[in-house]
Amino acid sequence: MKKRIGLGLGCVLLAALLLGGCAGRRSDPEAEEASSRYVSAMDTIMNLTAYGSHREEALEAAQAEILRLDALLSTGVQESEISQLNRLESLTLSEDSRILVERALSLYEETEGAFDITVYPLMQLWGFPTQEYHLPSQQELDAVLRYVGADRLDYDAASGTLTLDAGQSVDLGGIGKGYTSQRVMELFREAGVTSGMVSLGGNVQCLGTKPDGSAWRIGIQDPQGTDGEISAVLEVADQAVITSGGYERYFTDPDTGEEYCHILNPKTGWPVKGELTSVTIVSPDGTLADGLSTSLYIMGLEQAQNFWRSHSEQFQTILIDAQGRLYVSEGLADAVETEKDMEIIKK
């Protein structure tokens with residue numbers, strides 16, 4: 001099954017970013033006015049765009065919130081709350097951290113351990129946080145795997161106190177960007193913005209529709225392509241579109257030429273190398289979409305499809321396999337344009 005991408009319209013911006021629209025404009029010219037800004041945070045460059053008369057105050061509030069959350073959650077910031085937690089092994093968390101920990105523990109249960117915030121010691125062993133890469137032995141992996149498992153965390157919901165088991169450390173980066181994009185949308189709404197978007201690397205979240213009333217068009221990057229090639233274009237409104245794939249961050253063993261991606265299986269400690277090359281989650285809940293994009297990538301093609309069937313009321317998905325074939329959940333069947341082979345996942 002193929003659906004042709006309308007590239008002749010001159011409306012395409014590649015690499016999982018907003019694709020601008022070419023539809024007719026509304027009568028209110030002020031609603032069409034846009035402002036954008038770039039923010040460097042959370043190890044990526046974020047692009048924020050807001051339309052309308054309140055756009056500048058919305059962008060100012062959004063930038064301040066992004067920097068606040070980065071300082072609060074980043075394991076790369078020594079005085080962040082998460083860094084303090086990892087040093088002290090027990091801490092009463094602030095509201096944002098509580099929300100994320102509770103969502104993380106829920107995702108851990110729902111995904112049967114595929115999403116695990118205690119995988120951070122493994123990430124350090126492989127050298128992904130510092131980019132000082134290391135190919136560990138199985139003995140090294142086994143030693144660190146003893147500290148992995150969110151079921152060993154002790155969280156007191158009443159007080160918001162999280163206590164780590166001995167040797168454990170956590171990283172909320174697996175849902176932090178999704179939570180941040182969701183907060184940006186909330187701040188846009190509070191400022192009176194009805195049309196806007198934020199792009200945080202592979203994370204895109206859109207508010208409403210474009211000012212002309214048409215859907216936002218988002219490019220899904222081709223995992224095996226070059227120069228920003230795309231596999232599909234997706235039309236959405238008021239949704240987060242978050243993609244994970246092994247092509248995003250990886251290192252190559254100079255001795256063997258083997259590539260090792262940054263997405264680790266919490267059960268084995270090894271980078272995921274399977275039949276999926278990319279997973280896109282579409283949901284109004286940016287936090288959920290962020291966590292599930294990684295989780296379904298770890299699950300693999302069959303389990304990911306079955307997980308969607310059990311949770312289809314919460315999200316939609318686009319899975320891309322090693323042959324470049326797209327598997328699209330039926331809720332997106334009419335929203336995807338692609339020249340690749342495509343199969344609809346049905347309930």
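Predicted model: local features only at pLDDT ≥ 70, side-chain atom pairs only at ≥ 80, totals over all residues.
Is Gly300 buried or exposed? At 10% relative accessibility, Gly300 counts as buried, because the limit for a buried residue is under 20% relative accessible area.

## Gly300 and its surroundings

Gly300 sits in the loop between helix 8 (286–299) and helix 9 (301–310). Leaving out residues up to four places away in sequence, Gly300 touches Glu275 and Leu276. Glu330, by comparison, is 30 residues from Gly300 in sequence, and the C-alpha atoms of Gly300 and Glu330 are 19 Å apart in space.

## The protein as a whole

The protein contains nine helices and 18 strands, and its C-alpha atoms fill a box of roughly 65 × 45 × 40 Å, taken along the principal axes. For 347 residues, a compact globule would have a radius of gyration near 20 Å, and the 20 Å of the protein agrees with this. Of the 347 residues, 55% are buried. Among the contacts with a separation of 6 or more, 60% are made by residues 24 or more positions apart.

The accessible surface comes to about 15,200 Å², and carbon and sulfur atoms account for 46% of that surface.

## Two buried residues with polar side-chain contacts

Thr118 lies in the loop between helix 4 (95–110) and helix 5, and at 0% relative accessibility Thr118 counts as buried. The side chain of Thr118 makes a polar contact of 2.6 Å with the side chain of Asp116, while a polar atom of the Thr118 side chain also lies 2.7 Å from the backbone nitrogen of Gly149.

Gln205 belongs to strand 8 (residues 203–207) and is buried, with a relative accessible area of 4%. A polar contact of 2.7 Å joins the side chain of Gln205 to that of Ser181. Beyond the residues up to four places away in sequence, the residues that Gln205 touches include Gly178, Ser181, Gln182 and Met185, and also Gln239, Ala240, Pro284 and Gly286.

## Buried residues in a strand and a helix

Thr44 lies in strand 3 (residues 44–51) and, at 18% relative accessibility, counts as buried. Apart from neighbours within four places in sequence, Thr44 is in contact with Val39, Lys177, Leu200 and Gly201. Of these, Lys177 is 133 residues away from Thr44 in sequence, yet the C-alpha atoms of Thr44 and Lys177 are 9.9 Å apart in space.

Met123 is found in helix 5 (residues 120–126), where it is buried with a relative accessible area of 13%. The residues touched by Met123, not counting those up to four places away in sequence, are Phe128, Pro129, Arg249, His262 and Leu264. Phe307 is 184 residues from Met123 in sequence, and the C-alpha atoms of Met123 and Phe307 are 25 Å apart.

Which loops hold Glu89 and Asp238? Glu89 lies in the loop between helix 3 (81–88) and strand 4 (90–92), whereas Asp238 lies in the loop between strand 10 (230–236) and strand 11 (240–244). Phi of Glu89 is near 75 degrees, a positive value in a residue other than glycine, and Asp238, which is not a glycine either, has a positive phi of about 55 degrees. Glu89 is partly exposed, with a relative accessible area of 32%, and Asp238 is likewise partly exposed, with 35%.

The table below gathers the accessibility of residues discussed above.

| Residue | Relative accessible area | State |
|---|---|---|
| Thr118 | 0% | buried |
| Gln205 | 4% | buried |
| Gly300 | 10% | buried |
| Met123 | 13% | buried |
| Thr44 | 18% | buried |
| Glu89 | 32% | partly exposed |
| Asp238 | 35% | partly exposed |

Technical notes: Residues numbered from 1 in each chain as written. Heavy atoms only, no water. Helix = DSSP H or I, 4+ residues; strand = E, 2+ residues; numbered from the N terminus. Rg over C-alpha atoms; globule rule 2.2 N^0.38 Å. Buried < 20%, exposed > 50% of the residue type's maximum accessible area, 1.4 Å probe, protein only. Contact = heavy atoms within 4.5 Å. Areas by Shrake-Rupley, 256 points an atom, 1.4 Å probe, with all protein chains shown as cover. Polar contact = N/O pair within 3.5 Å; in protein donor to acceptor, adjacent residues only side chain to side chain.
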